[in-house]
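Visitor: I have the model loaded and would like to go through its contacts. Can we start with the charged pairs?

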Amino acid sequence: MDSSRCVSLAHAGVYFPPHKRARPSPSSFSPEGWGNSGSQSEEVSIDSLPDECLFEILRRVEDKRERSLSACVSKRWLMLLSTIRSSDIPPSVACKLQKNLLPDLNESVVYQEHDEDLDLSEDDEMFHSRCLEGKEATDVRLLAMAVGTTCRGGISELLIRGCNASRPVTDIGLGAVARGSPSLRVLSLWNSPSITDEGLAQIADHCPLLEKLDLCRSTSISDKGLIAIANKCPKLSSLVIESCPKIGNEGLQAIGRCCQLLKSVSIVDLGLVADQGVASLVSSTSTSLQKMKLQHVNITDASLAVIGYYGKEISDLVFTGLPLISERGFWVMGSGRGLQKLRSFTVTSCGVTDVGLKAVAEGCPMLKKLHLRRCIYLSDAGLNAFVSAAGSLEALQLEECNRITLVGILGALLNCQAKLRSLELTSCMGVKDVADSSLVSIRSCLSLRSLRICHCPGFGDSSLALVGKLCPRLQHISLSGLVAVTDAGLLPVVEGCDLGLLKVSLSGCINVTDAAAFALVKQHGGTLQTLSLEGCRKVTDETLLAVADYCMVLENLDVSKCAISDDGVAALASAVGVLGLQVLSLSGCSKISSRSLQHLNKLGHMLAGLNLQLCNSISTHAIASLQKKMPQCDILS
């Protein structure tokens with residue numbers, strides 16, 4: 001027998017039937033450690049038959065349960081069964097296998113425990129999607145999966161997350177699944193270094209309907225495997241490649257040339273990818289490509305020029321860590337006038353400047369969401385120019401853009417074309433309180449509905465009061481980690497919101513007291529759905545009394561690490577029947593004791609979640625008793 005048809009699994013020769021089967025000699029297969037060694041003195045059994053004879057027998061097994069039991073006899077039988085394709089099963093046998101896909105619950109099956117990985121349970125066979133994680137990801141499991149699903153067309157989705165260190169997934173297991181699953185549409189391989197181009201080639205040969213391919217840290221796969229997919233999987237619509245160091249320009253060029261239905265592509269941490277691969281991919285899929293992410297690849301301004309001209313269908317674009325692109329690249333991309341459908345643009349640690357950002361706004365008339373992170377060259381002038389030119393902008397998110405100041409933020413609010421609905425600032429160290437009264441304008445930003453400011457240490461009372469005055473129709477406010485904000489800054493915002501606040505988070509605002517919290521609850525209790533006061537150490541039971549009196553539609557309340565006691569919990573319980581609370585967090589409230597459990601029990605019929613972590617005055621036994629009384633509630637302790 002041709003030695004090229006034998007592969008190794010656990011130091012044993014295994015025969016893979018070719019497309020046109022050749023008749024081997026009776027002595028062509030003699031696996032070590034599996035049954036007979038070929039000695040003439042041993043008793044003759046079915047294991048003495050050559051592989052091709054066993055193959056012909058096994059492919060005619062009519063009962064699906066018997067096929068699964070046959071796979072448990074030995075690894076040799078499992079390997080042979082895994083090579084049986086749907087097309088190899090005789091039509092008469094296939095019809096009988098399809099008659100009863102549901103298991104007979106009146107019958108029991110005891111599988112031989114030759115290997116803990118040989119689990120062909122009927123329950124597993126009822127699903128068309130498989131996910132193997134960590135130690136479960138072995139070749140034997142994939143072979144068993146192939147045997148158990150081949151008779152009904154295989155699986156449509158395979159996710160492999162990690163691998164077994166001693167018995168990793170290899171091309172053998174992946175090939176078995178490929179032969180038994182011609183309708184496979186989704187394949188995701190994470191951290192699978194033992195899968196090579198050969199395994200991907202078998203997917204390409206047997207799974208022409210593949211639509212989504214996700215390769216992450218598959219270090220043995222190169223351009224050769226990606227080219228095989230491109231040539232034989234024309235329906236590929238989504239491609240994710242991350243940290244695969246052997247994949248470069250040739251693979252991307254093949255994908256662009258052959259996969260004309262490609263809609264989404266993500267290329268992350270590929271050192272071999274440069275302008276040649278990205279430009280070819282974008283220009284070849286200009287009529288289909290809608291989403292694109294480029295992170296830590298060696299592209300220059302030339303690629304941005306191609307994207308700006310050929311990205312006619314792109315709606316979502318992400319650039320992260322591209323050190324070789326400059327102001328010129330962004331300017332050319334915007335001036336190309338090809339990104340007419342771009343709606344979301346994210347830029348992190350790239351060379352975007354005031355001039356480049358304005359050009360993007362002018363060339364992308366449909367842009368609705370902009371997320372800028374670590375853009376060290378962007379200033380107030382560039383931000384205001386962008387906002388003035390971006391007539392469709394609805395969401396602006398700035399993170400670690402330290403040249404942006406409060407003046408730039410207020411200018412953006414006043415020049416936002418009356419469409420900006422969401423503003424988010426995170427760790428912007430340049431945003432600080434100012435005492436300049438000239439910043440107060442008679443105009444307002446009536447469109448803004450959501451304001452989120454996180455970990456901006458210079459943002460204090462005066463900044464918050466100014467923003468609140470300019471934006472009187474806020475409905476969502478999130479202020480996290482703003483230690484400089486006190487009641488004096490928060491009260492004007494609360495009193496100025498005339499539409500009614502829906503969601504408010506003051507997490508980590510340690511200087512907010514009951515005065516502001518009480519005013520918030522009293523004025524907006526009729527509309528407030530979510531309230532988080534986590535870490536507001538000056539908030540006490542007085543606020544909970546107000547919540548019980550005024551909040552009719554509140555669903556989520558977080559008072560973790562507040563000065564709440566048993567009396568506050570009792571006040572909440574007294575509002576049962578009026579308050580519609582579903583989730584309550586009391587984590588870290590050291591003043592709460594076991595006395596509160598009887599009050600919490602009154603809320604049990606409506607609570608779906610309760611957090612009592614770090615409530616050290618409540619015993620474990622008491623919490624267990626409460627859990628029995630509130631079986632429908634998920635209690636964290």
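Visitor: How many salt bridges does a search of the whole structure find?
Guide: Nine, over the whole structure. A salt bridge here is a side-chain nitrogen of Lys or Arg within 4 Å of a carboxyl oxygen of Asp or Glu. This is a predicted model, so local features need pLDDT of at least 70 and side-chain atom pairs count only at pLDDT 80 or more, while totals for chains, interfaces and linings use all residues. Residues are numbered from 1 along each chain as its sequence is written, and side-chain values use heavy atoms, with hydrogens and water left out.

Visitor: Which residue meets Asp205 in a salt bridge?
Guide: Lys232, with an N to O distance of 2.4 Å. The pair links distant parts of the chain, 27 residues apart: Asp205 is in helix 8 (residues 197-206) and Lys232 in helix 9 (residues 223-232). Helices (H or I, at least four residues) and strands (E, at least two) are DSSP runs, numbered from the N terminus.

Visitor: What is the relative accessibility of Asp205?
Guide: Asp205 is at 44% and therefore counts as partly exposed. Lys232 is partly exposed too, at 42% relative accessible area. The classes are buried for under 20% relative accessible area, exposed for over 50%, and partly exposed in between (1.4 Å probe, protein chains only).

Visitor: Which residue pairs with Lys368?
Guide: Glu394, in a salt bridge of 3.5 Å, N to O. Lys368 lies in the loop between helix 14 (354-363) and strand 12 (369-373), and Glu394 in the loop between helix 15 (380-389) and strand 13 (395-399), so the pair ties together parts that are 26 residues apart in sequence. Lys368 is partly exposed at 26%, and Glu394 is partly exposed at 31%.

Visitor: And which residue does Glu399 meet?
Guide: The side chain of Glu399 forms a salt bridge with that of Arg373 (3.1 Å, N to O). Because Glu399 lies in strand 13 and Arg373 in strand 12, the pair ties together parts that are 26 residues apart in sequence.

Visitor: Is Glu399 buried or exposed?
Guide: Buried, at 16% relative accessibility. Arg373 is at 23% and counts as partly exposed.

Visitor: Which residues are linked with Arg373 and Glu399 in a network?
Guide: Arg374 and Glu400; salt bridges link the four residues.

Visitor: Switching to strands. In what sense do strand 3 and strand 4 pair?
Guide: Strand 3 (residues 129-133) and strand 4 (residues 157-161) pair in the parallel sense over five bridges. Two strands pair if DSSP finds at least two bridges between them. Leu132 stands opposite Ile160 in strand 4.

Visitor: What about strand 4 and strand 5?
Guide: Parallel pairing, over five bridges, with strand 5 at residues 186-190. Arg161 has Trp190 as its bridge partner in strand 5. From strand 4 the chain goes through helix 7 (residues 171-180) to strand 5, in a right-handed β-α-β crossover. Right-handed means that, with the strands pointing away from the viewer, the path from the first strand over the helix to the second runs clockwise.

Visitor: Now helices. At what angle do helix 11 and helix 12 cross?
Guide: At roughly 0°; the axes of helix 11 (residues 275-284) and helix 12 (residues 301-310) come within 9 Å. Axes are lines fitted to C-alpha atoms, for helices over the stretch in contact, and angles run from 0 to 180 degrees between N-to-C directions. The two helices are therefore roughly parallel to each other, a label for angles under 35 degrees.

Visitor: Which residues in helix 11 meet helix 12?
Guide: Asp275, Val278, Ala279, Val282 and Ser283 do; in helix 12 they meet Ala302, Ser303, Val306, Ile307 and Tyr310. Contact means heavy atoms within 4.5 Å.

Visitor: How many residues of helix 17 are buried?
Guide: Seven of its 10 residues (461-470), making helix 17 mostly covered. Among them are Leu464, Val467 and Leu470. The cover includes helix 16 (406-414), strand 15 (450-454), strand 16 and helix 18 (487-496).

Visitor: And helix 16?
Guide: Mostly covered as well, with seven of nine residues buried. These include Leu406, Ile409 and Leu413. Among its covering elements are helix 15, strand 13, strand 14 (422-426) and helix 17.

Visitor: Last one: where is Ser480?
Guide: In strand 16 (residues 476-480). Ser480 counts as buried because its relative accessibility is 13%. Leaving aside residues up to four places away in sequence, Ser480 touches Ile453, Cys454, His455, Ser505 and Ser507.

Notes. Angles under 35 degrees count as roughly parallel, over 145 as roughly antiparallel, 65 to 115 as roughly perpendicular and the rest as oblique.
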